[in-house]
Each structure stands twice: as structure tokens, then as C-alpha cells.
Amino acid sequence: MDQALPIRPNRWRRFSEWDDRPLRLDNFAVDDPENGFSAMSGACDPKPGIEVVDGRIAAMDGVVEADFDMIDMFIARHHIDVRTTEASMAIPALEMARMLVDMNIPRTDMVKLAHGLTPAKLAEVAAHLTAMELSFAYSKMRARKTPGNQGHVTNAKDDPLQLAADAATAVAFGFDEIETTMRVSRNAWSNALACCIGAAVGRWGTLFQCSSEEAEELQIGMAGFSSYAETISVYGTEKAFVDGDDTPWSKAFLTAAYASRGIKMRCTSGAGSELLMGFHESKSLLYLEARCLCMQRAMGAQGTQNGGIDGAPVAASIAGGVRELMAENLLAVWLDLECASGNDARSSESEIRIGAKILPYLMSGSDFICSGFGTILKYDNSFNASLFNGEEMEDFLVLQRDFEADGGLTPVGEAQVLDVRMRAVEALSAVFEELDLSTPTAAMKTSVVAASGSDETDSYLPRDVALISDKIKERGITVVDVIKALAKRGFSGEAEHLLSLVKLRVSGDYLQTSAIVRNGHVISAINDPNDYCGPGSGYQLSAERRNEIINIRDQLTRGAVLHEEDQHKAGERVQIAYAKIGEATPGKCEKEVVIGISPGFGTKLFRTLAGHSLSQILREMVSGIKAKGQNVRVVRFHHTADTSFLGLSAASLSGSGVGIGIQAKGTAVIHHCDRLPHNNLELFSNAPITRLDHYRKLGENAADYAMGVLPEPVVVPTRGEAMGARFHARVALIYAIETAMTQPDSPPEELEVQFLGAEQ
Amino acid sequence: MSRDRLFAHDYPLAENRPDLVRGQRGKSLDVLDLAALESGDVVMEDLRITAGALEMQAGIARTVNRSKLADNFERAAELVDIPQDYLMVIYELLRPGRARDKAALQDIADDLRSRFKATRMAEFIEEAADVYERRGLFTSRY
């Protein structure tokens with residue numbers, strides 16, 4: 001090869017560009033089943049099996065009873081139904097996988113089967129399903145019909161004023177549960193009080209959790225501030241569980257303790273926790289999570305938050321890890337547990353991976369799509385950044401609208417958000433004053449109401465909060481004191497809301513599986529069961545709910561676009577005059593270019609999509625043509641608004657055979673009378689980025705073509721902007737105005753154009 | 001409180017069977033209002049769940065094939081009257097390595113049975129004691 005390059009480049013530069021994308025900040029790990037890096041095929045994953053002797057489980061998943069670890073024992077004694085297990089285990093895994101996606105087999109039948117299945121069998125079945133099948137099976141198997149969502153409400157200063165304002169904001173956006181935690185653990189009581197007051201603004205029913213140390217969390221619940229808990233973590237290996245400082249029995253005891261105080265609870269588990277804790281036993285993510293979920297059902301927990309909670313990022317580093325997260329959520333609902341389906345810790349720096357991660361859940365629905373949507377900004381999230389955060393809230397709202405899928409949230413207008421934020425801040429301040437906890441200044445309150453995040457507030461700092469929090473705890477302040485204080489200070493609506501929430505614990509209705517409060521009523525898997533059995537069944541978006549979801553801010557309407565155009569009418573009137581001379585006829589002079597303008601050009605529409613006034617661009621084209629010594633005629637066509645036909649019609653009237661066609665939105669073409677309609681000389685299709693100098697060069701080039709010279713074509717530089725996304729809705733509205741003005745039989749009209757203003 | 005068998009259609013009890021729901025001091029839901037709370041007639045105690053309510057929820061859970069959840073509600077019913085501090089003592093003792101031998105847990109189980117009639121929870125703790133012994137979970141970790 002004597003033509004070889006003298007030097008072999010050391011790199012294709014695209015790789016360097018890829019290096020700079022956020023995606024490349026993510027870790028990716030090779031499959032290494034020995035060392036726990038396997039989504040669904042662990043080196044030591046057991047084969048499914050069950051042996052029942054005299055009504056006892058004698059062996060399970062390849063382990064005989066004498067060798068059971070504490071997790072095996074707990075599952076064998078409290079999860080496996082010895083009466084049905086042999087029959088259930090006998091069904092081949094692939095057949096059972098098909099049953100999961102069979103809309104003719106009811107959810108309840110599948111749930112009964114799961115009561116007899118071992119962890120290894122559950123994992124084997126789920127592994128047969130593709131990502132799409134997992135998502136579909138999830139939509140069929142999840143417990144409550146109506147989907148919901150949960151959000152984090154925290155801030156970097158533990159500022160109670162901001163917590164109250166942000167809690168009220170989260171409630172306005174429709175979160176069914178909100179969850180707080182602290183930067184400084186002793187601030188728990190202040191966080192709890194602030195969030196529960198904020199969550200009582202606007203409506204009642206959003207359940208609230210204060211994630212803290214076990215004993216303290218239960219005490220905060222006893223004081224009536226919080227209404228649910230989900231920090232009861234469960235692990236899939238004995239050693240990880242013991243390092244987590246618990247056993248299935250201690251966690252089951254806590255589970256009962258929460259119920260005994262009338263507080264809703266769910267467990268936490270998820271892929272990657274054992275891996276991160278160093279005790280994975282060379283087992284796959286999915287098998288270990290199957291063990292966790294069997295334990296949770298066995299403990300009598302009504303639900304779980306799983307789907308790789310803190311372990312989601314490490315799960316996402318493994319091949320098939322994101323699919324595994326879907327599989328473990330499916331196992332949770334198959335075991336009839338409420339599922340707060342992860343989508344919690346931010347599992348990637350790539351916004352594309354984030355969007356892809358959420359989509360199956362948005363489409364299938366979930367008891368809680370996220371087990372912690374960051375309602376606040378990333379830096380304010382004391383749990384760490386979430387998959388979706390305050391920054392991306394509107395992206396989520398638009399995804400709901402795109403897919404007509406109910407993600408549990410509702411767009412809220414700016415005025416309403418300000419109202420609830422002010423109300424929450426005032427309510428908390430009143431309670432602080434009434435209970436002699438603190439007296440926030442007007443400046444503190446104002447800074448919080450407007451602030452997007454704690455960087456912008458001039459409010460409480462963690463040390464101030466510690467003093468408040470200690471007082472709440474030491475003085476034994478309860479929610480009853482708070483309700484009284486609210487009522488006394490005129491916040492009777494908030495007082496009623498908070499009382500309604502605390503009253504939930506008297507009946508315990510909201511302790512049942514998948515319970516939330518909607519419109520003042522408890523709905524759960526009992527009175528709102530998922531009854532999916534094919535298209536038209538299961539959760540259906542009502543017309544009313546659809547209206548809520550699609551009503552995002554700043555939508556274009558035809559009226560608004562026309563109104564905007566009208567604003568420019570008067571400005572153009574002093575810049576340009578179009579005098580009608582009469583019907584346009586073919587030119588005799590070879591030294592001319594005809595500019596063909598569209599019906600709405602300067603009559604109903606006055607600006608290009610780039611925002612240039614039509615007088616300006618016409619002036620540029622005319623002076624470009626004249627600068628080359630050519631004459632110009634301007635002709636308005638009435639029979640078409642299409643760029644190509646405007647151009648070709650203009651060319652046909654031109655003595656030189658060269659014409660320019662231009663629409664009111666600024667799209668232009670240079671044409672020649674001998675060419676086919678769509679085979680033009682030059683096309684300027686990207687009106688939004690076409691500048692005035694481009695229009696001048698367009699005129700110059702048209703003149704060159706008229707003189708038989710081949711000019712350098714004008715290239716309007718694009719940086720790959722999503723032109724369609726940015727402009728097409730407006731384009732369609734504007735273009736429809738022009739097409740409506742066309743009159744097929746109306747002849748072209750020659751105009752005398754006079755530029756009135758000074759050249760700019 | 002009635003011990004009639006309850007079904008899914010009785011749920012939610014607060015709406016469909018308010019006649020069965022009472023707070024810890026016997027007050028019905030309709031009198032647990034803001035005025036009563038402001039006047040001091042309603043206190044925190046009135047807003048606590050009862051063993052009876054948990055047993056009713058257990059009954060409903062069983063009718064919808066959730067026996068494990070029902071078991072938990074029944075264990076919870078036994079814990080309603082146990083003071084918070086003692087609950088935390090038991091929880092702490094159930095954590096790995098806190099109890100040094102089976103007897104420590106057996107004492108708790110005996111106490112739950114005799115003082116609080118918490119037979120289900122007592123059995124549960126005895127079961128834990130057996131497992132902890134077999135799995136070496138009585139070894140101190142710090």
C-alpha cells in the first residue's frame with residue numbers, strides 16, 4: 001500500500017467527544033459472577049427446589065433444613081405455604097413466565113401461586129421475561145389500580161421554613177407521600193414538624209415520613225408527626241443482614257411495632273445492597289432480592305420500596321442491571337406487596353439513561369412510580385440526588401403528557417405554587433410563635449417563599465434548627481399541640497387537614513396493602529384493586545384526569561400566535577409600503593430577478609421565525625440583487641404559499657429565468673424557470689436560524705445565477721438544534737394562516753415596494 | 001367492639017363501618033373533631049389505634065388472601081398496650097449479638113405472655129431464640 005497515510009492518527013476524535021459526555025462519568029463493570037457482578041446469573045445461584053416432609057420444609061433451593069441460615073429459616077417458616085408449594089414449584093418456570101404476561105390469567109391466581117414459590121424459583125421465572133414483558137407483567141400484577149408517586153422534601157440547611165414551603169409545593173404537585181431526612185440527625189423533630197405542617201396546606205391526605213434512627217423515627221410517629229415509615233431494611237444474605245445490625249425477627253418485630261402505633265410501614269431492599277456491603281455469596285442481584293422479598297412478605301409487611309434503592313447505581317453499572325431492577329419490582333408485586341418502585345437514587349449522569357429508566361414505570365404505572373422523586377433541587381436532597389429532581393420536574397410532567405400516562409403528578413400554575421408556599425411559611429411561623437419555639441423574621445420568610453433552593457435563602461441554619469428540634473423533643477410537643485396552635489392562629493383549614501391525617505390511625509384502614517389517600521378517602525389494594533385483564537381494563541385515564549395531566553404551562557394556541565403577529569403590524573407599517581401596480585406579467589429584461597412573496601407576507605404576518613421583520617429581509621434581498629447590477633421586481637402570489645412553487649412561479653415571470661420565492665415565516669428558495677418544482681438552485685429551509693446577512697447573500701446569489709455565474713451557495717450554519725421541536729407547532733399555526741389565504745384562480749400581483757425607515 | 005367477621009366490602013372501616021371504630025379512650029370517629037381537640041376533650045390518646053381495630057384489619061386482610069399481613073396485624077394488636085420504652089428494649093434485644101443467650105429472649109417471651117397476654121409475639125420471640133442459637137447470633141458484635 002504505497003498510498004498509506006504517512007502517520008497513523010492515534011485516535012478517531014469522536015471518542016474524545018464521547019469521553020466528554022456525562023455518560024462517561026458513569027461506571028460500567030464487566031460481568032463477574034464470582035464476585036457478585038451478575039444481574040440474574042450468579043455463580044452460586046441455587047437451582048429451585050422444595051421438599052416437604054410431614055408438613056415441614058425439609059429442603060429449599062438445594063439447601064437441607066439442617067443447613068438453613070436465618071433467612072432460609074424465616075422464609076421456610078413464614079413465607080412458603082406448605083400446602084401448595086409442591087404443586088406451584090412443579091410448574092415449569094417458562095410456563096409461569098407466560099402466565100405472568102397472560103391477560104386471561106387473573107392477578108389473584110398468580111398471587112396464590114407465588115405463596116408456594118421459593119426465591120430461586122421466583123428469580124428463575126422473572127429471568128425468562130424481556131424488559132417489555134417485565135413492564136407489562138408489572139402493570140398487570142401491581143396491587144392498587146390507581147398509580148401514585150412519592151417525593152423527597154429536604155434541604156441542605158434543615159431549614160424548617162423551606163421544608164414547610166417545599167412540602168406544600170410537593171403536595172400541590174400531587175405527591176401521595178413525602179419523605180424527609182436531615183443533614184444533622186438531631187434536627188429530626190424540627191424536620192418532622194415543619195413537613196407535616198407544610199403537607200397540610202392545600203389539601204389533606206399526603207402521607208409523611210421522617211427517615212431517621214429506628215427508635216427516634218418510631219417516637220416521632222408516636223407524637224403524631226409522621227404517618228408512615230419505610231426504613232425497615234432487609235438484606236439477602238445472612239452476613240449482610242447481621243452487618244446491617246438486624247435479623248428478620250428484629251425487623252418483623254419493628255413491622256408489628258409500627259402497626260401497633262397505627263403507622264403505615266413498608267420495608268426497603270433492592271439490588272446491590274449485599275454487593276456494597278461485601279457479602280454477596282457470589283449470588284446474583286435478582287436471586288438475593290427474591291430472598292429479601294420473600295422475607296418481607298413473611299414478616300407481614302404490606303409493602304416494599306425496592307428496585308435497587310441505594311444500590312441502583314451499582315446495579316446499573318452491570319450488564320442487564322436495569323432490566324434486573326424491573327424484574328425485582330415485578331417479584332414484589334407478584335408477592336402481593338405494595339411497591340414503591342425505586343427510580344430513587346440517581347443511577348446515571350446521562351439524561352438519556354434517566355429518561356429511559358423511568359419510561360417503563362410511567363407506562364405500566366406503579367403504587368409509587370418513584371420511591372423518592374426529588375421534589376427539591378439536587379444539592380438540597382439529603383438522601384442524595386434522585387433519578388428525577390426539582391430541576392427535571394417539568395420533564396416528568398411532559399412525559400406524562402406525551403404518553404398520556406399517569407405518573408401521579410399534576411402540573412401546577414405559578415400563582416398557586418406561590419400561594420401554597422406563602423401559606424406554609426406563615427402557618428409554620430405561627431406554630432413556632434405559638435409554641436414558643438422561634439420567631440422567624442419577615443426577611444427570612446420572604447427569602448424562602450421565592451427560593452428555588454437553600455443557596456438562595458436567608459433563613460435558619462442547622463445550629464438554629466438543632467435548638468428548635470431539641471425543644472420540640474424535650475417538651476414532648478405532639479401533633480395535637482400543633483393542631484391547636486394552627487387553629488388558634490387562624491389556620492383552621494390546615495388544622496382540620498392535619499387532624500384528618502392523624503385520625504387515619506384510629507381505624508388503621510391505611511395500614512392495608514398499597515393504601516394512599518385520594519380526595520379524602522383511603523384507597524388500597526382492597527377497595528381499588530388492580531383488575532387488569534386486557535385493553536380497556538385496569539387503570540384508565542379518566543377525561544378529567546387527562547385534562548389535569550396535559551395542562552402544562554405555556555402551550556401555544558392559534559389565537560395567541562395571531563395576537564403576537566398583530567403586535568408587529570403597526571411597526572411594519574412605518575417601515576414598508578406595498579403598493580399594488582396590477583397583474584404581474586412575464587419580464588422582458590434579462591437583467592432582473594423576481595422576488596415572489598406569499599399571500600400573508602406583510603399582510604397578516606410580519607416576522608420570520610428568526611424574529612426579523614419582513615421589511616428588513618426584503619430590503620436585504622433587494623439590496624443584494626441591486627449590488628450585483630440586477631433589477632428587482634416584487635410579485636405577490638395568491639395561488640400558493642408553498643416555497644417551491646412561489647420560487648418557480650417567480651422564476652417563470654423573471655426575464656432572466658431566475659426568481660426567489662419566500663414565505664412570511666422566512667423560508668426561501670432561489671429557482672430557475674427551467675427546473676423541476678423541487679429541484680431548486682438554493683433552499684433556505686431553516687428560517688429560525690437564517691440571519692439578515694444570509695438574506696442579502698441570497699439576493700446576491702440570485703443575481704449571479706441571473707447573470708449565468710455560479711456563486712458559492714449560501715450555507716446557513718446549524719448546530720443541530722431540534723428545529724422541529726422548537727418551532728414546528730408555531731410553524732404549523734402560521735403556515736395554516738397563509739394556506740387559508742390562497743386563492744387558486746387569483747393572478748400574481750406586481751407590487752411597488754417602498755422602504756420607509758432608515759436602513760438598520 | 002363487635003367480633004363479627006368482616007369482609008372487603010366493610011373496608012374502609014372508617015367509612016363503611018364507623019360504628020366499629022373507636023379511639024383508645026372509646027371515642028367514636030365523629031366526635032374526634034377540631035372543636036373537641038381545641039377544648040381539650042380530645043387528646044393524643046384518642047388518636048391511637050386499638051387492638052380491636054388491628055384485629056378487624058387482620059380479619060379483612062385474611063378475607064383477601066393476605067394471611068401474612070393479617071399475622072402481623074395480630075402480633076401488632078398484642079403490642080398496642082406495651083409501653084414505647086419496653087418495645088424499644090425488646091427490639092434492641094432482638095438485634096444480633098444483643099442478647100447473650102437464649103434465656104434473655106426467653107425471659108422477654110415469658111414476660112410478654114404473663115403481663116401482656118402477647119402469646120403470638122412470645123412464640124415469635126422464642127422462635128427467634130432458637131434460630132439465634134443455631135446461627136451463632138448471641139455473639140457480641142461490639
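In this predicted model, a residue is called buried when its relative accessible area is under 20%, exposed when that area is over 50%, and partly exposed in between.

Q: Why is B:Glu78 counted as buried?
A: The relative accessibility of B:Glu78 is 10%. The cut-off for buried is under 20%, and therefore B:Glu78 counts as buried.

Q: What makes the contact of B:Arg120 and B:Glu78 a salt bridge?
A: The side chains of B:Arg120 and B:Glu78 meet at 3.7 Å, N to O. A salt bridge requires a side-chain nitrogen of Lys or Arg within 4 Å of a carboxyl oxygen of Asp or Glu, so the pair qualifies. This pair links distant parts of the chain, with B:Arg120 in helix H7 of chain B and B:Glu78 in helix H4 (residues 67-79) of chain B, 42 residues apart.

Q: Why is B:Arg120 called partly exposed?
A: B:Arg120 has a relative accessible area of 40%. Partly exposed covers the values between the buried limit of 20% and the exposed limit of 50%, so B:Arg120 belongs to that class.

Q: Why does the salt bridge of A:Arg77 and B:Glu127 join two chains?
A: The side chains of A:Arg77 and B:Glu127 meet in a salt bridge at 3.8 Å, N to O. A:Arg77 lies in helix H2 (residues 70-78) of chain A and B:Glu127 in helix H7 (residues 119-134) of chain B, so the pair joins two chains.

Q: How do you know whether B:Glu127 is buried or exposed?
A: B:Glu127 has 15% relative accessibility. Buried means under 20%, so B:Glu127 counts as buried.

Q: What makes A:Arg553 and A:Glu414 a salt bridge?
A: Their side chains meet at 4.0 Å, N to O, and the cut-off is within 4 Å. The pair links distant parts of the chain, 139 residues apart.

Q: Why is A:Glu414 called exposed?
A: The relative accessible area of A:Glu414 is 62%. Exposed means over 50%, so A:Glu414 is exposed. A:Arg553, at 47%, counts as partly exposed.

Q: How do you know that strand E4 of chain A pairs with E11(A)?
A: Three bridges join strand E4 (residues 150-152) of chain A to E11(A). Pairing requires at least two bridges, so the two strands pair. They run parallel, and A:Gly151 stands opposite A:Phe373 in E11(A).

Notes. Residues numbered from 1 in each chain as written. Chains lettered and ligands numbered in written order. Predicted model: local features only at pLDDT ≥ 70, side-chain atom pairs only at ≥ 80, totals over all residues. Heavy atoms only, no water. Helix = DSSP H or I, 4+ residues; strand = E, 2+ residues; numbered from the N terminus. Buried < 20%, exposed > 50% of the residue type's maximum accessible area, 1.4 Å probe, protein only.
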